[in-house]
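Hi everyone, thanks for coming. I'd like to walk you through a structure today, so please have a look at the screen.

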Amino acid sequence: MKVEHWDKKSNITKELQKFRALDINFSIDLDNDELFFIYNEEKLCGYATINLGKNAKLKKIFIIPKYRNNGYGTFLLKYIINWITKEKCDSLIVINHKKMNNFLEKQKFLRTENGYILNNLLETLKQEKNMVFVAKVAIIINIILAFLKIFSGKIFNSMSLLADGLNSFSDLITNILVIVGLKVGSNPEDKEHPFGHGKIESVFSVIIGTFIMLSAVQLIRENIEKFFSKNGENVKLSNILIIISIISILIKVFQLIFMKNKTKSYRGALITSLLQDYKNDIVISTSVLAGLLFSKINPIFDTIIGLVVAIYILKSGYELIRDNSLILMDSQNEELLSKIRDEILEFEEIENAHDFKMTTSGKDIYIFLDARMKKDNTIEEAHEIINTISKKIKYKHPNIKSLFVHIEPMYEDD
């Protein structure tokens with residue numbers, strides 16, 4: 001299954017015959033319309049035409065009967081949505097929507113007086129750009145901080161500042177991985193990835209956690225060696241160390257506030273991991289400052305704080321790996337599933353709901369369940385009931401992307 005977009009520079013006169021053979025009602029305004037066609041292997045099996053303006057208009061989407069109800073229309077529509085978003089269109093309008101109501105509502109189109117509309121397409125693109133921008137700023141900041149802390153820690157023999165510097169270096173790697181993860185994770189669903197590419201965020205979060213733990217283990221080893229070394233050099237306390245530590249704390253506080261504001265409409269696994277990492281950085285840098293000040297009383301405090309910081313980093317890395325590994329293994333959020341079950345049972349048409357399961361992909365949640373209703377409902381009635389329930393559940397829980405419900409009949413002796 002693949003989709004192609006007609007290049008207006010090419011000669012399409014001969015190709016038009018193929019579309020007219022496919023659909024006798026095929027028509028296109030060659031000057032103003034965009035044409036998309038979908039193939040199954042090398043066989044043309046459908047097309048769509050849109051009029052591109054500030055708000056794109058879907059004029060027609062057609063799949064030959066043989067391939068209907070097999071995901072071809074959904075695949076084609078998602079490709080178009082992704083394409084017009086890149087063309088800076090903020091919405092997609094559908095006016096002539098004969099028998100397409102359920103299809104469009106499943107794709108989160110909203111009903112209007114004249115048809116349907118899918119709004120705020122640029123918001124997702126804006127979120128991605130915001131997050132990548134934040135990550136790039138963080139890379140520059142962490143390069144500067146890592147250099148200052150590691151260099152100063154070596155010069156003045158401060159294990160706690162050196163530990164903080166290596167933590168900043170691991171943050172540098174983290175932010176590079178964040179950019180890569182966001183780029184891959186934002187790709188839309190396709191045949192091979194029906195739930196999208198969002199799980200890549202958890203994969204990269206596990207890698208980030210591994211880097212954090214490896215850095216922490218090295219720091220613990222160095223601090224223990226210095227603690228038990230009789231010939232070890234003591235920290236050479238200087239106002240420069242204090243100033244660097246204070247600047248580091250202020251920068252990290254600024255980073256945390258800046259990132260929260262820039263990503264408040266998105267809370268995927270990667271961003272959540274990064275926010276937690278910034279909070280850890282503030283705690284670490286504050287501890288380092290305390291260690292440097294207490295080293296005036298006894299130099300051993302610097303080594304002790306360095307060891308405590310390293311253990312804290314190790315714990316944070318472990319929790320990052322643990323939480324995201326649970327996502328990759330489709331660990332179930334029983335609290336959420338219980339809440340969804342209660343909300344579904346509020347509908348009087350549903351006699352029972354059971355066998356709830358979920359999978360998470362980035363910020364999107366997909367829920368599967370079995371529901372029982374009276375057996376005298378027609379297929380059309382049952383479908384409409386489930387469609388209504390699905391829309392209300394997704395409205396209450398924006399992160400729920402889809403609700404897949406298997407209908408079972410309720411017998412009198414049940």
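Let me start with a question: is Cys45 buried or exposed? Keep in mind that this is a predicted model. Cys45 counts as buried, because its relative accessibility is 0%. Cys89 is buried too, with a relative accessible area of 2%; the cut-off for buried is under 20%. And for those of you wondering about disulfides, the structure holds 0 of them.

Now let's move to the surface, beginning with the nonpolar side. Ile224, Phe227, Phe228, Phe294, Ile297, Phe301, Ile304 and Val308 form a nonpolar patch there. Together, these residues have about 780 Å² of accessible area. Where do they come from? Helix 6, which covers 199-228, supplies at least two residues of the nonpolar patch, and so does helix 9, covering 300-328. Let's take one member as an example: Phe301 lies in helix 9. Phe301 has a relative accessible area of 31%, so this residue is partly exposed.

Which residues form the negative surface patch? They are Asp376, Glu380, Glu381 and Glu384. If you'd like to find one of them on the screen, look for Glu381 in helix 11, which runs over residues 379-396. Glu381 counts as partly exposed because its relative accessibility is 40%, and that label applies between the 20% limit for buried and the 50% limit for exposed.

How values were computed: Residues numbered from 1 in each chain as written. Predicted model: local features only at pLDDT ≥ 70, side-chain atom pairs only at ≥ 80, totals over all residues. Heavy atoms only, no water. Patch = residues over 30% accessible without salt bridge, like charges linked within 9 Å, V, L, I, M, F, W, Y side chains within 5 Å. Areas by Shrake-Rupley, 256 points an atom, 1.4 Å probe, with all protein chains shown as cover. Salt bridge = Lys/Arg side-chain N within 4 Å of Asp/Glu carboxyl O. Lys, Arg positive; Asp, Glu negative; His and termini not counted. Charge placed at Lys NZ, Arg CZ, Asp CG, Glu CD. Helix = DSSP H or I, 4+ residues; strand = E, 2+ residues; numbered from the N terminus. Buried < 20%, exposed > 50% of the residue type's maximum accessible area, 1.4 Å probe, protein only. Disulfide = S-S within 2.5 Å.
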